[in-house]
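This briefing walks through selected local features of the structure shown below. Please keep the sequence and the coordinates at hand while reading the grouped points that follow.

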Amino acid sequence: MPVDPQRLDATLARVAGSGPMSTSAAEGVGLLIVAAAELFGVDGVGILLADAGQDLRHVASTDPSAQALEEAQELTGEGPCVDSYVEGRTVHTPDLRRDERWPKLARAVANDGVRAVLGVPIRMKGLPIGTLNAYAREDHPWDQSEIDAIEALNRVLESQLAFSAARFQSDELVRQLEQALEQRVAIDRAIGVLMERERLDARGAFNHLRRRARDERRRADEVAREILSRSPSDA
């Protein structure tokens with residue numbers, strides 16, 4: 001359903017007025033996802049953040065179904081939120097069951113009552129480091145006002161994470177995000193090489209790189225740099 005502009009402004013003011021996370025990078029996330037769920041009238045909201053191995057990990061959610069959705073995307077390596085993270089853009093679907101882009105995910109969450117999904121990339125220093133996600137249990141064509149609203153809330157979250165990254169250098173989540181951020185540039189370039197060389201889409205290239213890193217028990221950025229070193233365009 002369309003988001004009322006006045007209600008959006010009030011929600012943004014309330015979340016921003018709570019102040020940036022004052023003791024750790026995780027503080028304030030719960031308030032934001034609850035506010036998002038209330039604002040959109042959707043069934044659940046959650047957050048996925050990249051770890052040092054470039055795997056998306058569930059960080060917070062409003063309910064078990066939202067957590068199941070996020071964990072299923074971790075496991076299958078596909079879904080609106082995975083694509084949002086890899087491609088750095090907002091990705092959504094009105095109904096997973098009728099969407100042919102993510103068949104493994106649709107099967108994985110068939111019993112969890114998840115139908116419509118919306119994923120927005122969370123950025124630090126201009127690079128995606130995770131996603132803010134919403135879902136509905138019924139078929140739900142996402143209205144542009146809903147997309148605009150979750151992107152506005154996401155900017156508040158990005159601001160809070162940036163504050164935490166600057167203030168809490170020893171925080172575990174901050175270290176995780178900084179490591180993921182450092183790796184992202186090489187990985188993005190390697191994804192481009194794999195897309196051209198192996199004729200894969202961005203998600204397929206990303207998962208190809210992650211699988212190889214796991215199989216060889218190496219870091220994803222090490223594999224990415226090796227791929228780049230063997231590419232004529234990066235020689």
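Leaving aside neighbours within four places in sequence, A202 is in contact with V86, E87, I191 and M195. The model in which these contacts are found is predicted, with a chain average pLDDT of 85 and with 89% of the residues scoring at least 70.

- A202 lies in helix 8, which covers residues 202-215.
- The relative accessibility of A202 is 13%, and because buried means under 20%, A202 counts as buried.
- I191, one of the residues in contact with A202, is eleven residues away from A202 along the chain, and the C-alpha atoms of the two are separated by 6.5 Å.

**Confidence along the chain**
- Among the elements of the chain, the lowest mean pLDDT, 80, belongs to helix 2 (residues 29-40), whereas the highest, 97, belongs to strand 3 (residues 91-93).

**Helix 3 and its ends**
- Helix 3 (residues 64-76) consists of 13 residues and spans 18 Å from its first C-alpha to its last, which is close to the 18 Å expected at 1.5 Å a residue.
- The buried residues of this helix are S65, A66, L69, E70, A72, Q73 and E74.
- These buried residues pack against both helices and strands, namely helix 4 (80-87) and helix 5 (103-108) together with strand 1 (44-50), strand 2 (56-61), strand 4 (116-124) and strand 5 (127-136).
- At the start of helix 3, the backbone nitrogen of S65 has a side-chain oxygen of D63 within 3.1 Å, and S65 is itself among the buried residues of the helix.
- Just after helix 3, G77 adopts a positive phi of about 70 degrees.

**Strand 1 and its partners**
- Seven of the seven residues of strand 1 are buried, so this strand is largely enclosed by the rest of the structure.
- The burial extends to both faces of strand 1, with G44, G46, L48 and A50 buried on one side and V45, I47 and L49 buried on the other.
- Strand 1 pairs with strand 5 in the antiparallel sense over six bridges, and within strand 5 the residue standing opposite V45 is A134.
- Strand 1 is also joined to strand 2 by five bridges, again with the two strands running antiparallel, and the bridge partner of G46 in strand 2 is S61.
- Strand 1 and strand 2 form a hairpin with five residues between them, and in the turn Q54 has a positive phi of about 70 degrees.

**Positive phi values in two loops**
- Most residues other than glycine have a negative phi, and the two residues described next depart from this.
- K125, which is not a glycine, has a positive phi near 55 degrees and is placed in the loop between strand 4 and strand 5.
- With a relative accessible area of 69%, K125 is exposed, because the term applies to values over 50%.
- R199 likewise is not a glycine and has a positive phi, of about 55 degrees, and its place is in the loop between helix 7 (172-198) and helix 8.

Note on methods: Residues are numbered from 1 along each chain as its sequence is written. Side-chain values use heavy atoms; hydrogens and water are left out. pLDDT is the predictor's confidence in each residue, from 0 to 100. Helices (H or I, at least four residues) and strands (E, at least two) are DSSP runs, numbered from the N terminus. Buried means under 20% relative accessible area, exposed over 50%, partly exposed in between (1.4 Å probe, protein chains only). Contact means heavy atoms within 4.5 Å. The expected span of a helix is 1.5 Å times one less than its number of residues. A polar contact is a pair of N or O atoms within 3.5 Å; within protein, one must be able to donate a hydrogen and the other to accept it, and residues adjacent in sequence count only if both atoms are side-chain atoms. Two strands pair if DSSP finds at least two bridges between them.
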